[in-house]
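Here is a short note to read beside the model. Keep the structure open and find each element as it comes up.

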Amino acid sequence: MKLNQTPVVCYGEILWDVLPDGPQPGGAPLNVAYHLKKLGVDTSIISRVGNDTKGQELIHLLDDWGIKKHLLQTDTEYPTSEVVAKMNNGNEVSYEIVFPAAWDFIQASKNAIKQLDQSSYFIYGSLASRNETTRNTLFQLLESNAIKVFDINLRPPFVNRDLLEALLLKADIVKFNQAELEMAQLLFGGSFSNEASQIKFIQSHFNIPEIIVTKGEFGASYYKNEQSWHAWGTEVKVKDTIGSGDSFLAAFIANHYLKNDPQAIIKNSVAMGAFIATKKGGCPQYNLTEYVNFKHQIF
């Protein structure tokens, strides 16, 4: 494998979460890339930061974490992205992803297209399609030969049916939570009440061979063609849930890449999501031995 060639490429937002107790690096693509590297899978990230201090700090973090940054772009007009946490009178927290930001303007590049054709997986989400420039680049990259992994994120009322349909039609693997699965099948004419039927409808409607459904403390299910595997969750002392789903997906891809048994894939993914929920932030410090010990304790 060439120096900068990696089995996995993550695409989309890279940002700072401005939380009440201080800023944390984030964005689903960054979180997934971080945990993949922790699990021993080299990963590149395609995103864009501003020509500013916050952007430089993210670049230094990529270096520290061993995430390949050769496909990262710098924008001279738009700033590095921030997500601002706001507290209302009822002490409820809401999040505003400031627009526009540098990652809304990711440009297509020959290097990215060339690398993707030699990579095993291309991971993308729906948030990266909010602006035309980054959306158009995404659809160019979705023509690659890599396995396309769609980490869906539906937040009503901001659901574009036509865009969602186009993104699903490109996917080989899709990760839903239960609410998103039900919403998606209803959007496209399904009327099924049980999960297995909803999955079958989505698989046949979009020709998607593999679907993952996450269920929080109740674990997750993995559907591949006509077969399915399930892993129960476990009760843990939750620090926060930031990045838990991203770490789950990273573990799924790492195990999928190693061609592990499907039951082991889903169990290891559930364990990783639970493990990260016991820690603070989407990219907490840990070592692989710590995760393996935790996994053995719960299974």
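This is a predicted model: local features need pLDDT of at least 70, side-chain atom pairs count only at pLDDT 80 or more; totals for chains, interfaces and linings use all residues.

1. Strands β12 and β13 run antiparallel and are joined by five bridges.

2. **The next hairpin.** Strand β13 is also joined to β14, again antiparallel, by five bridges. Here Y223 has S228 in β14 as its bridge partner. This hairpin has two residues between the strands. N225 takes a positive phi near 55 degrees in it.

3. **Is β13 enclosed or open?** How many of the five residues of β13 are buried? Four are, so the strand is largely enclosed by the rest of the structure.

4. Now step back. The sheet is open and has eight strands, in the order β4-β1-β9-β10-β11-β12-β13-β14. Its pairing is mixed. Which strands stand at the edges? They are β4 (43–46) and β14 (227–231). Each has a single partner strand, so one side of each is left without a neighbour in the sheet. From one strand to the next, the twist averages 15 degrees.

5. **A parallel pair.** Strands β10 (residues 147–151) and β11 (residues 173–177) run parallel, with three bridges between them. F150 has V174 in β11 as its bridge partner.

6. **Helix α1 on the sheet.** Helix α1 packs on the sheet and touches β1 (8–11), β4 and β9 (121–125). Its direction makes about 160 degrees with that of β1. Helix α1 spans residues 28–38 and is mostly covered, with eight of its eleven residues buried. The buried residues include L30, V32, Y34 and L36. Just after the helix, G40 takes a positive phi of about 90 degrees.

7. **Helix α8 on the sheet.** Helix α8 (residues 244–257) lies across β1, β9, β10, β11, β12 (210–214) and β13 (220–224). It runs at about 145 degrees to β12.

8. **The nonpolar cores.** The largest nonpolar core has 48 residues. Which of them touch the most other members? L36, I123 and I253 do. The largest share of this core, eight residues, comes from helix α9 (residues 262–277). Another core lies apart from it and has 39 residues, among them I152, L154, A171 and Y223.

9. **A closer look at I253.** Leave aside the neighbours of I253 within four places in sequence. It is then in contact with V8, L36, Y121, I123 and V149. Two of these names, L36 and I123, stand beside I253 in the list of residues that touch the most other core members.

10. **The second largest pocket.** This pocket holds about 220 Å³ of space. Its lining includes A196, K200, Q203, Y223, N225 and S228. Which element gives the largest share of the lining? Helix α7 does, with five residues. Both α7 (195–206) and β14 supply at least two residues. N225 lines this pocket, and N225 also has the positive phi in the hairpin of β13 and β14.

11. **Backbone points to check.** The peptide bond from F99 to P100 is cis, with omega near -5 degrees. P100 lies in the loop between β8 (93–97) and α3 (110–116). Two further residues have a positive phi without being glycine. N207 has a phi near 55 degrees and is found in the loop between α7 and β12. K259 has a phi of about 60 degrees and sits in the loop between α8 and α9.

12. **Are N207 and K259 buried or exposed?** The cut-off for exposed is over 50% relative accessible area. N207 is at 66% relative accessibility, so it counts as exposed. K259 is at 73%, so it counts as exposed too.

Methods: Residues are numbered from 1 along each chain as its sequence is written. Side-chain values use heavy atoms; hydrogens and water are left out. Buried means under 20% relative accessible area, exposed over 50%, partly exposed in between (1.4 Å probe, protein chains only). A nonpolar core is a set of buried Ala, Val, Leu, Ile, Met, Phe, Trp, Tyr and Cys residues joined through side-chain atoms within 4.5 Å. Contact means heavy atoms within 4.5 Å. Two strands pair if DSSP finds at least two bridges between them. Axes are lines fitted to C-alpha atoms, for helices over the stretch in contact, and angles run from 0 to 180 degrees between N-to-C directions. On a 1 Å grid over the protein atoms alone, a cavity is a set of points where a 1.4 Å probe fits but cannot get out, and a pocket is an open set with protein on both sides within 12 Å along at least five of seven lines; lining residues have an atom within 4 Å of a point. Grid points are joined across faces, edges and corners, and a volume is the space filled by probe spheres set on the points.
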